[in-house]
Amino acid sequence: MGATILVADDEPFILRSLSFVLRKEGHEVLEARDGAEALSVARTGRPRIVFLDVMMPMLNGYEVLERIRKEPDLAGVHVILLTAKGQEADRQRGLDSGADEYLTKPFSPSRITERVREILSGESACQAC
Amino acid sequence: MSSLLSILGSSFYLEAFGLGVSVFALVMLLARGRRRGSGPMVITTVGLLALAGSFGMGLAADLLDQPPAAILDPLNPDHSTLKTALRFYLGLPLFLSGAVAAMIGRPGGYPVARLQARRPKSTDAGEDGLAGHLAEANRDLEVARTELRRIAGENTRVSQKLRETMDLLLGSEERFRTVFERTNDGIALVDPATRRVTLANPGLANLTGRSEAELRKQTLAELFGTEIGGRDEAGFRELAKQGRLPAMTILRKGGEPLRVELTVSPIDVSGGRSLLCVVRDVSEWQRLKDALEAKNRALEVHESDLKEANRQLSERAETMRGMNEKLRELQRVKDDFLSSVSHELRTPLTSIRSFSEILLEHGDAEEDVKREFLGIIKKESERLTRLINDVLDLAKIEAGAVKLHLGRVDLNAVFADVVRLLAPLARERNLIVERRIDPALARVEGDRDKLQQVLTNLGSNAIRHGRPGTRVVLAAEAVSEEEIRVSVHDQGPGIPAEELDGIFSKFHQTGDAGAERGGGTGLGLAICREIVALHGGRIWVESRAGIGSSFFFTVKGLGVAAPREETVPTDLRFPGRPEAKRELPPLNVVGAGPVRLPPPAW
């Protein structure tokens, strides 16, 4: 039932809260604190879902996402961008980079777990996130 | 009666006298073709009269003796041959010639010459020759009459023409006199020898304010000044060559100046030479010209004003473009700032929201986990508060709404307070905070709270970036009598060169992975820069990778003495724990040139 999920954010508390709720749901959570780490963990851990913060050191979220999309081994991975920048231009850029979803901080942990359940059960992407 | 006439008519002497006179008359007539004069005419006339008289008397005497037909018949044997021959062959032609000459004789004498020219060179003796002569004489007579008529007609035409010309002359003289008298221009004729006015028109009298009589006593120099009037003949010719002279000012009778234009030309009047001076009043023209020139000058000034205004406008447009550019840049900075603020606000808010929700939904979690989450919430709340404060602080400073409360500040006290404030963080990070300041010289002018804010900010940055177990040094030294340099040194990883420039800008984040996160708001250094600038000081940073960073700022000193020079001790004790001795890495202060710091003051 549990899936492998990568959570990448340079904010340790956000990492902590996401990991906590996803583990409570029975998922295996991989953590990364910058873009480069996120990419390497994604390559080795083969997550089903990736939560990717946009503003990260080394590589930002967009750059990590573009590279993930170029990796054949990572095809089909569901990527959700997390951003504290809520402007429309940022959102558009995220979707252009190949994100499946775009989530603006602050978010609700229960909403996150709910989305993960929906994605895993094969439902279509949420339009109102 | 008859016998008397007969005696007279047949008088041989009378006949002989008449013949002599006739011959003389013929000779004289022939001579008249080449000579003028009335003498010959008189002689001829007298001769002819005499001839006619003798002939007539002879004829009358014959008429009494014989019938006319016998007299006229040249073949009549009764004729005294000699007498008849003389009468018919000599007396009659002579008589006719003389008569014709008398009738048409004129001083020029050409008809006679013409007659002579027409006369055959040789005349045949006999009756045919005489008839030819008569016919020719008649033709000549006719020609002469025609000529006389022609001449008479010509005379009439000439006298007609003469009358017309006289009329014309009289009319034109009148016209010219009218022009001379009525024109507004002054006209004077001047005798070049005496240089006196010989004729002046009313126009000149009007212009000069002098009567025509007065004018006639004037010399040219009196009228137009010595430059014009004092010239000699050659000088006037020179003047005349110039034609119209430049405008000049003459004095009217009352001394009133008048602007005139003068034309001088030498002319011949009734055989003598005169100077014709035409004087035109150009005062009105001059006034208009002056006004026009003044207006022109005003226009030029106006034009240059316009050009200047234009230049200023372009300059202003340029400035506006620059300002526009600057505004756009400011707008961009503002947008970036808002975006950054949004980001910085949302990040702690996310943690607070997430953990409070987790705590609410997972009440069954372990106690220490709950405590951890509550701690995070508290910490992030504090971060949020700091951020909001910093944003507001910065906004106030940038809006110019912050007034410094300037006063005499004791840096010793400020340093002590800052060390106290930073102590918890320093303990947490296992660092030592040193003060190195000469208590005697640290009096500065400034806003105490603001200076403390700067120092606290720099100090907390230094602690967060310093490696655990190292020192952070707060120091103050006098660089001149009026300037104190305050510095904060850490022994952290240093700041990459490419980041040094932007480090004082808002929300600048260093890539220092080892630094303690969550403490800074990204606005601290920007606020420090603003506060130091408000104090009129400078702020800068020097850094070396692997050794550490030093932040400096200057502040106005008040009555400082020269700093004491002391070496920096290498072993230091932790404040408040004098008994504990601990080895610390040597302090290599980063900075330009040797930095001499006062000894540590605990």
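Author: Of the 129 residues of chain A in this predicted model, 54% count as buried. The accessible surface of chain A comes to about 5,600 Å², and carbon and sulfur atoms account for 46% of that surface. The chain comprises 5 helices and 5 strands, which follow the pattern β-α-β-α-β-α-β-α-β-α along the sequence. Among contacts in chain A between residues at least 6 apart in sequence, 59% join residues at least 24 apart.

The part to examine is helix H5 of chain A, residues 109-120. Its 12 residues should span 16 Å at 1.5 Å a residue, and because the end C-alpha atoms are 17 Å apart, the model agrees with that expectation. After H5(A) comes Gly122(A), which has a positive phi, near 80 degrees.

The buried residues of H5(A) are Pro109(A), Ile112(A), Thr113(A), Arg115(A), Val116(A), Glu118(A) and Ile119(A). As background to such a list, an α-helix has 3.6 residues a turn, so residues three or four places apart point the same way.

Within chain A, the buried residues of H5(A) pack against strand S1 (4-8), helix H1 (12-24), strand S3 (49-53), strand S4 (78-83) and strand S5 (101-104). The partners of these buried residues also include helix H13 (283-361) of chain B.

Terms used. Residues are numbered from 1 along each chain as its sequence is written. Chains are lettered from A and ligands numbered from 1 in the order in which they are written. This is a predicted model: local features need pLDDT of at least 70, side-chain atom pairs count only at pLDDT 80 or more; totals for chains, interfaces and linings use all residues. Side-chain values use heavy atoms; hydrogens and water are left out. Helices (H or I, at least four residues) and strands (E, at least two) are DSSP runs, numbered from the N terminus. The expected span of a helix is 1.5 Å times one less than its number of residues. Buried means under 20% relative accessible area, exposed over 50%, partly exposed in between (1.4 Å probe, protein chains only). Contact means heavy atoms within 4.5 Å. Accessible areas come from the Shrake-Rupley method with a 1.4 Å probe; for residues, only the protein chains shown count as cover.
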